[in-house]
Amino acid sequence: MTTNAGTTVRRTVLTLPAAPLGPENPLPALRPLDPPRTVDDDTRRAMPRDMARQIGYEPLRTPLPTRVLDGYGRDRRATGFDAIVIENDRLRATVLPGLGGRVHSLHHKPAGRELLHRNPVFQPAAFALNGAWFSGGIEWNIGATGHTALTCAPLHAAVVPAPDGGAMVRLWEWERLRDLPFQVDLWLPDGSDFLYAAVRIRNPHERPAPVYWWTNMAVPEDRRILVPADEAWHHGYTHALRRVTVPRQDGEDRTYPRNSAHSGDWFYEVPDGSRPWIAALDANGEGFVQTSTDPLRGRKLFVWGQGRGGRHWQEWLDGPGGGPGYAEIQAGLARTQLEHLRLEAGEELSWLEAYGALSADPRAVHGADWGAALAETGARLEERLPRADVDAAHRAWRSHAADTEPGPLLATGSGWGALEVLRGRFALPGTPFPESTLGAPQEPWRDLLRTGVLPAPAPGEPPGPSLVAPHWRDMLETAPADPYTEYHLGVAQWHAGDRAQAVRSWERGLASAAPRWPLLRCLAVADREGGHTERAADRYAEAFGDLCASSGTDGTPTLVALAREALDALLAAGRPGAAREVWTRLPDAVRERGAYRLLEARLLVAEGDLPGARAVFDAGFEVPDLREGARTLGELWAAVSDEPLPHRYDFRMRPA
């Protein structure tokens, strides 16, 4: 335990019913899990210039170099998670360094109230850029449009002196999608009702980098959401982005989450010069507020909607009886989450956020006069935490704490940052990435850095993770051109957008490869992306056969992942016979998984056996990594039945 000036920091274990995260998907993620969000030309012309420019700037092509996390299920058991508790006489914050540094709970002691939506379970679902995500608390979204690839990853954590002399918890890691280090410093000033979070993102490279940040705070949905704005950009179930008025839209007050039938995002237009804040206050005018220094200009509300699909998603994430429902209020660097900012070489971005309890006059908060509601909420915030104090705390942190070297580690993140520091010889005061954190995934790349040769994996082992940043791609281009190097070079070229050259690298490697399946699978993805459906099916079938011949059909993560892609490609090509051959080679335990039960139903429909496909639905199955907004279940059900879609399969977040 660390104690300074009335604030304590201690380690503990938080026990929750949890579904195991499972293994990483060993196949490189050559395609994004969700299509990129786009806007039409008319909408773009109506936008402010900076917004239009930033929407078009460096959208993410793939989740590389991270690997997809899709090996979890839905069987939960009591599991202990390492936690760090930061506490003063007013607030208690519980942080999970092994799960992206999530603030799981923020408890206000005087009121005896939880300020956030605290998820009673840990249940991964397929919402992050690389798959597994879980709901609740305060999360730090860095990288690109969507939930961060670090959602379920460990961060480094240590205690550092806070600007006021108290104890501060530093979280830091190397964000791999954009190849940037960042830190989040959390502290509770003595006697304060607000948790402070100072954030810094640095670009140590000699090239500009796209930057994205949105802090996501889950709050109970039986609140009014107040933001100092009269307009917002609404992104709803039609996937269009349009400017709307606040608080009323289409005859309803949309600042009450329960007034929206369908899911949607509202990105608020906070006027330049106004203090940025967002609050969620209940019928008594009490609840949660977040504010920040000016660089964090954006504010957002997301609602699941009151439709059956939206309610089902919340049960899916929180478990039955998880609570009355929640909404997400967010704060970001841009107006909307479709935008990325440009961070110049050698530059950094920093800001300070504060989260705490707020009480305001409920008559004003819930009155018909929106201006009066904002004036009352803003005035109470200024009383509790003046804007000048937030700015001063940020200046003090920058001057006296941001670069302070941390003490002994409370938690350890990945070794990828150490590899990048070793390569680039970067000086990053305050966020050390020591060589001692390097592990087995980094070893082949350290060998490439030292010797110019990338060592191949042991016989029978699948290829290790690929690195795709320009400096690693350059090293791969000059390394000896063996099949394993050509495989990784092609992945890096594909990520860079040079798809023709990636295919050439994979084809060169295939000529002498043993086994052949890693390169065949990459070429199959390229064929599907290029519209060559038949050739993709051929290559997937050959890749699956080669994998089975070289390593058997024992249900390894590689077999599970490749079979799922191969079945999908063969069914897309209208080849149920070949798909059935793949299906019969899978172990029974794999075929019983929810994703494969869904594939079985698709296969039976393709074979013309509609009663058999209906029987699969009647027997019941769950697809743990169903994507947000997925309509697959509803569309397949419509092929086998004229009855309404059963509730257990209804995840539709927009009108049928």
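This is a predicted model: local features need pLDDT of at least 70, side-chain atom pairs count only at pLDDT 80 or more; totals for chains, interfaces and linings use all residues.
Trainee: Why is Ser-512 called exposed?

Mentor: Its relative accessibility is 54%, and exposed means over 50%, so Ser-512 counts as exposed. You'll find Ser-512 in the loop between α11 and α12.

Trainee: Let's turn to α13. What is its reach set against?

Mentor: Helix α13, residues 533–551, has 19 residues and reaches 27 Å from its first C-alpha to its last. The expected span takes 1.5 Å times one less than the number of residues, and for α13 that gives 27 Å, close to the reach in the model. Just after α13, Gly-552 takes a positive phi of about 85°.

Trainee: Which residues of α13 are buried, and what do they pack against?

Mentor: Buried means under 20% relative accessible area, and the label goes to Ala-536, Ala-537, Arg-539, Tyr-540, Ala-543, Phe-544, Leu-547 and Cys-548. They pack against α11, α12, α14 and α15. As a reminder, an α-helix has 3.6 residues a turn, so residues three or four places apart point the same way.

Trainee: Good. What makes up the lining of the second largest pocket?

Mentor: That pocket holds about 640 Å³ of space. Of its 35 lining residues, the closest to the centre are Glu-24, Arg-176, Trp-416, Pro-441 and Pro-465. The lining divides into 22 nonpolar, 8 polar and 5 charged residues. Its largest share, 3 residues, comes from β11.

Key:
Residues are numbered from 1 along each chain as its sequence is written. Side-chain values use heavy atoms; hydrogens and water are left out. Helices (H or I, at least four residues) and strands (E, at least two) are DSSP runs, numbered from the N terminus. Buried means under 20% relative accessible area, exposed over 50%, partly exposed in between (1.4 Å probe, protein chains only). Contact means heavy atoms within 4.5 Å. On a 1 Å grid over the protein atoms alone, a cavity is a set of points where a 1.4 Å probe fits but cannot get out, and a pocket is an open set with protein on both sides within 12 Å along at least five of seven lines; lining residues have an atom within 4 Å of a point. Grid points are joined across faces, edges and corners, and a volume is the space filled by probe spheres set on the points. Ala, Val, Leu, Ile, Met, Phe, Trp, Tyr, Cys and Pro count as nonpolar, Asp, Glu, Lys and Arg as charged, and the others, Gly among them, as polar.
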